[in-house]
Amino acid sequence: SDPIRFFQRIDPRSGRHGARGEELPCRSTPLAAGSCMHGRQQHRLKVKHGVPPQKIRVCWQGGETRRRRCRQGAPEVQGLCSTTLRHHRARNTGPRGFEAGSVQGFKHRPTCPGLTSQTFGRATQFSDEDRGVRYHAAITMGTLGEALVTHSAALAKALADEDPGIRLYIVEALGGLGEKVADQADALMEALRSDDDTHVRLAATRALLRVRPTSGEAAAAVFALELRALEEELRDEVFYRQCATEGLAILGDIGKPHAGLLRQALEDKFHGVRAAAALALAGLGADEVRPGSEVLARLAKDDPNEGVRKAASGALGRLEPADALKSDDSSMRYWAVSTLAGDASAAEPRAAELAGMLQDPETANRHLAAVALEGIRQAATPYCEALLASLSDPDASVRIATMKALIVAADAETIGRALEVVAGSLKSSEASLRAAAAECMACTGLAAKPHTEGLIETLGDEEFPVRLQAVRALEGAGRMAVRECGAKLAKLALEDPDIDVRRAATGCLREFRLDKRFGLPDQTI
């Protein structure tokens with residue numbers, strides 16, 4: 001039997017079921033409890049009990065017969081349940097699976113005379129030797145609603161089943177009944193404390209909060225004990241530690257006394273524990289996040305696992321980025337400036353702090369500060385002097401981001417001053433800075449026309465990124481600038497070893513219809 005759906009092999013010629021393990025010349029046919037029966041059983045039930053033929057659909061597909069009972073809850077179909085339950089001791093699992101699923105016909109009908117104790121006991125075949133039958137019985141019980149209240153003890157006994165999936169469905173069924181089954185809270189607590197499956201433990205936590213809300217503190221104590229890992233054999237049980245952190249997250253404010261353990265779990269070697277601890281702290285609020293903010297900031301920036309980075313960023317979201325801008329920890333400042341760079345409305349009131357971040361010791365922080373200033377556009381105008389100073393930054397990416405911020409925030413005169421600063425870097429000894437200078441000029445468009453001579457000289461640079469950005473800057477400077485260096489551009493289009501440079505030079509000449517004038521053929525690449 002499959003843990004979720006059990007299968008029977010059906011001979012397409014005789015229609016008989018194959019014995020367990022017997023090979024028949026057909027593929028396995030899924031027999032979903034309550035929705036599929038043997039053809040001869042359906043025929044007998046239709047003839048003997050007068051079920052209208054339209055209540056049972058017969059579908060032919062792939063040479064096999066798949067019969068599905070209509071899920072309409074009609075009285076005739078409900079009546080099948082009591083009769084079919086007589087097959088409880090049948091050797092084949094099909095009738096037992098059908099009787100377990102057919103109880104769904106009584107869904108939300110607690111006063112239906114067919115739902116007697118005997119019927120319920122047989123339908124909840126939790127002692128059946130076939131795991132699939134027990135599975136479908138557990139699934140069915142979760143659909144009956146308040147009709148289960150008087151039978152909750154039988155459900156609680158099924159929590160000892162060897163299959164974790166069956167135990168999970170039973171826990172969810174008990175949780176759905178709420179405080180009406182408060183007498184089964186002890187069984188749920190035992191499942192939370194000792195079940196081998198972490199999913200069952202977490203489901204028991206949710207169910208316990210609904211069945212007996214006052215048990216939350218005891219549940220939190222259980223999870224805290226596992227996080228402490230006092231016993232040597234528990235130190236390597238990473239999934240139980242993850243379950244404990246997730247359980248404290250489910251408990252919410254009840255787990256606040258154990259927030260210190262969650263902050264310790266942020267340093268766990270297993271990424272699942274780190275992510276769960278970050279999520280749990282996020283649910284506890286800013287007061288519990290703040291003491292671990294530096295660790296969270298480091299995880300949000302450098303953790304190799306994407307899930308941990310997202311969870312840590314979400315937890316830090318409980319704090320105010322403006323306060324973190326003044327932190328002594330570079331990771332905290334990184335988180336704050338990266339948050340503001342993506343939210344212009346939050347960054348605008350903090351423009352002065354962002355301008356000060358242009359002098360941060362960390363390159364990434366300076367770059368993000370320039371990006372944030374670009375996002376607030378005209379609100380950054382009072383800080384143009386700080387941006388002009390940042391054009392001499394030792395990092396090329398910071399210079400480019402700064403120029404883009406100046407373009408949207410400064411007037412034409414200030415941009416001219418910026419170009420004067422940038423033009424001096426065209427002869428820098430570092431190729432990255434020369435390429436950054438040319439890219440900055442390309443961003444300004446026609447404003448770079450006074451520096452055409454310097455750009456033309458850069459076309460002969462030995463580094464292809466520098467030549468590429470120079471071509472783009474000349475194209476932005478306009479037709480006259482391109483005509484002035486047309487011969488060099490044509491040579492680059494035909495002979496440059498880099499394909500991107502050849503494409504850029506060809507496109508530049510053709511943009512202004514100068515390709516024929518300088519001898520470019522119809523196809524150069």
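This is a predicted model: local features need pLDDT of at least 70, side-chain atom pairs count only at pLDDT 80 or more; totals for chains, interfaces and linings use all residues.
Helices here are DSSP runs of H or I with at least four residues, numbered from the N terminus, and contact means heavy atoms within 4.5 Å.

The buried set consists of Thr 414, Ile 415, Ala 418, Leu 419 and Val 422. They cover an arc of only 145° around the axis, which puts them on the same side of helix 24; the arc is taken from the directions from the helix axis to the C-beta atoms. Glu 413 and Glu 420, on the other side of helix 24, are exposed, that is, over 50% relative accessible area.

## Surroundings of Pro 321

Pro 321 lies in helix 17 (residues 321-324) and is buried, its relative accessible area being 13%. Leaving aside residues up to four places away in sequence, Pro 321 touches Trp 335, Ala 336, Thr 339 and Leu 340. Between Pro 321 and Val 337, 16 residues apart in sequence, the C-alpha to C-alpha separation is 7.4 Å.

## The chain as a whole

Of the 525 residues of the protein chain, 52% count as buried. Among contacts between residues at least 6 apart in sequence, 60% join residues at least 24 apart.

## Basis of the values

Residues are numbered from 1 along each chain as its sequence is written, and side-chain values use heavy atoms, without hydrogens and water. Local features need pLDDT of at least 70 and side-chain atom pairs count only at pLDDT 80 or more, whereas totals for chains, interfaces and linings use all residues.

Definitions and conventions. Buried means under 20% relative accessible area, exposed over 50%, partly exposed in between (1.4 Å probe, protein chains only). Helices (H or I, at least four residues) and strands (E, at least two) are DSSP runs, numbered from the N terminus.
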